[in-house]
Amino acid sequence: MLGLAIALIGAALGAALAAAGSGKGVGIAGESAAGVLAEKPELFGTVLILQALPGTQGFYGFISAFLILLRLGILGGKLPELTIEQGLLVFAVSIPIMFGEFVSAIWQGRASAAALQMVAQKPETSGQAIIIPALVETYAILSLITSIIFLFYGVKI
């Protein structure tokens, strides 16, 4: 049971840290969004997109935890017997999610806040402004893909 517990702690930490990073990132962007909307409420659509972007990492953490539970067979209703080594391998699968999603969400929030200031000064730059924080998303996606590859090709259960 210790192996399974280690694996589940990894999945839970991955989802929790991704959600925490997204919460912080959306909050950072939200502080700027409120200021922009107070002056220019007509920019609500663009502001909403820029504030929501850092929230995607939370979904990636959820997807990662879901896939781990699926791979372990827990969603099918059984509790697998895992060795400590297998549990540690599954825990390791969650490390890119833990750090990649947490850190990228916060930086994406900061990039969104900067982009919001750009839109506030020049609303015609909305398209360009959305690209700036979207580039940070690349690293969140790479973290998710890395965990998926490790989960399905690096862990024998």
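The buried residues of helix α2 have a cover that includes α1 (2-39), α4 and α5. Helices here (H or I, at least four residues) and strands (E, at least two) are DSSP runs, numbered from the N terminus. Helix α2 spans residues 44-52, and its buried residues are Thr46, Val47 and Leu50; buried means under 20% relative accessible area, exposed over 50%, and partly exposed in between (1.4 Å probe, protein chains only). Seen down the axis of α2, these buried residues fall within an arc of 100 degrees, so they line one face of the helix. The arc is that of the directions from the helix axis to the C-beta atoms.

The model is predicted: local features need pLDDT of at least 70 and side-chain atom pairs count only at pLDDT 80 or more, while totals for chains, interfaces and linings use all residues. Residues are numbered from 1 along each chain as its sequence is written, and side-chain values use heavy atoms, with hydrogens and water left out.

Taken as a whole, the protein chain has five helices and zero strands, and its pattern along the sequence is α-α-α-α-α. Along the principal axes, the C-alpha atoms fill a box of roughly 60 × 20 × 20 Å. Of the 157 residues, 45% count as buried. Among contacts (heavy atoms within 4.5 Å) with a separation of 6 or more, 84% come from residues 24 or more positions apart.

Axes are lines fitted to C-alpha atoms, for helices over the stretch in contact, and angles run from 0 to 180 degrees between N-to-C directions. Angles under 35 degrees count as roughly parallel, over 145 as roughly antiparallel, 65 to 115 as roughly perpendicular and the rest as oblique. For α2 and α5, the packing angle is about 10 degrees and the axes are 10 Å apart, which makes α2 roughly parallel to α5. On the α2 side, Thr46, Ile49 and Leu50 meet Ser126, Ala129, Ile130 and Pro133 of α5. By class, five residues of this contact are nonpolar, two are polar and none are charged. Here Ala, Val, Leu, Ile, Met, Phe, Trp, Tyr, Cys and Pro count as nonpolar, Asp, Glu, Lys and Arg as charged, and the others, Gly among them, as polar.

Helix α3 (residues 56-72) packs on α5 at an angle of about 5 degrees, with axes 10 Å apart, and the two are therefore roughly parallel to each other. The α3 side of the contact includes Tyr60, Ile63, Ser64 and Leu67, and the α5 side includes Ala140, Leu144, Ser147 and Ile148. Its residues comprise 10 nonpolar, four polar and two charged. Helix α4, in turn, crosses α5 at roughly 175 degrees, their axes coming within 8 Å; that makes α4 roughly antiparallel to α5. The contact of α4 with α5 has 17 nonpolar, 10 polar and two charged residues.

Ala129 sits in helix α5 (residues 126-153) and is buried, with a relative accessible area of 0%. Apart from neighbours within four places in sequence, Ala129 is in contact with Leu50, Ala115, Met118 and Val119. The C-alpha atoms of Ala129 and Gly3, 126 residues apart along the chain, are separated by 46 Å. Ser147, also in α5, counts as buried at 3% relative accessibility. Beyond residues up to four places away in sequence, Ser147 touches Ser64, Val93, Ser94, Pro96 and Ile97. A polar atom of the Ser147 side chain lies 2.6 Å from the backbone oxygen of Val93.

Ser104 lies in helix α4 and is buried, with a relative accessible area of 6%. A polar atom of its side chain lies 3.5 Å from the backbone oxygen of Glu101. With residues up to four places away set aside, Ser104 touches Gln57, Val136 and Ala140.

Pro123 is found in the loop between α4 (84-121) and α5, where it counts as partly exposed at 32% relative accessibility. The C-alpha atoms of Pro123 and Leu43 are separated by 7.6 Å, although the two residues are 80 apart along the chain.

Note on methods:
A polar contact is a pair of N or O atoms within 3.5 Å; within protein, one must be able to donate a hydrogen and the other to accept it, and residues adjacent in sequence count only if both atoms are side-chain atoms.
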